[in-house]
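Hello,

Here is the structure I said I would pass on. My notes on it follow below.

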Amino acid sequence: MPTMTKKRRVINYLASGKGLTEAEARSRFGVGNLRATISDIRDMVEAHGNWEITSESTPSGKTRYFMEDTHPGERTYAYNEDGSKYMMA
């Protein structure tokens, strides 16, 4: 099984509905520049209109990023941790 890139691990984390700050990304995934990583991810996931990258300010003034599903509901497919797509039963 190939190792997942930092970017893929961040995408998987955000797709699970959790938010991520710069400090959290550094400690969890070793991401040094979350803003640049989010920019790359935004280009990938927003290309087809299924996901949207959003952000909010925390009380301490940091930015927390989220990835929101723009078409919630039943899906016929899902993704494995490595990013490969599979059909759901």
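Thr-58 sits in the loop that joins β2 and β3. This is a predicted model, and in it Thr-58 has a relative accessible area of 15%. Thr-58 counts as buried because that value falls under the 20% cut-off. Setting aside neighbours within four places in sequence, Thr-58 has contacts with Thr-21 and Arg-64. Thr-21 is 37 residues away from Thr-58 along the chain, and the C-alpha atoms of the two are 9.0 Å apart.

Strand β2 covers residues 51–57 and pairs with β3 in the antiparallel sense, over 7 bridges. One of the residues involved is Glu-52, whose bridge partner in β3 is Glu-68.

The other part I looked at is helix α1, residues 6–15, where Val-10, Ile-11, Tyr-13 and Leu-14 are buried. Viewed down the axis of α1, the buried residues lie within an arc of 165 degrees, so they line one face of the helix.

What do the buried residues of α1 pack against? They pack against β1 (20–21), α2 (22–29), α3 (34–45) and β3 (63–69). After α1 comes Gly-17, with a positive phi near 100 degrees.

Regards

Conventions: Residues are numbered from 1 along each chain as its sequence is written. This is a predicted model: local features need pLDDT of at least 70, side-chain atom pairs count only at pLDDT 80 or more; totals for chains, interfaces and linings use all residues. Side-chain values use heavy atoms; hydrogens and water are left out. Buried means under 20% relative accessible area, exposed over 50%, partly exposed in between (1.4 Å probe, protein chains only). Helices (H or I, at least four residues) and strands (E, at least two) are DSSP runs, numbered from the N terminus. The arc is that of the directions from the helix axis to the C-beta atoms. Contact means heavy atoms within 4.5 Å. Two strands pair if DSSP finds at least two bridges between them.
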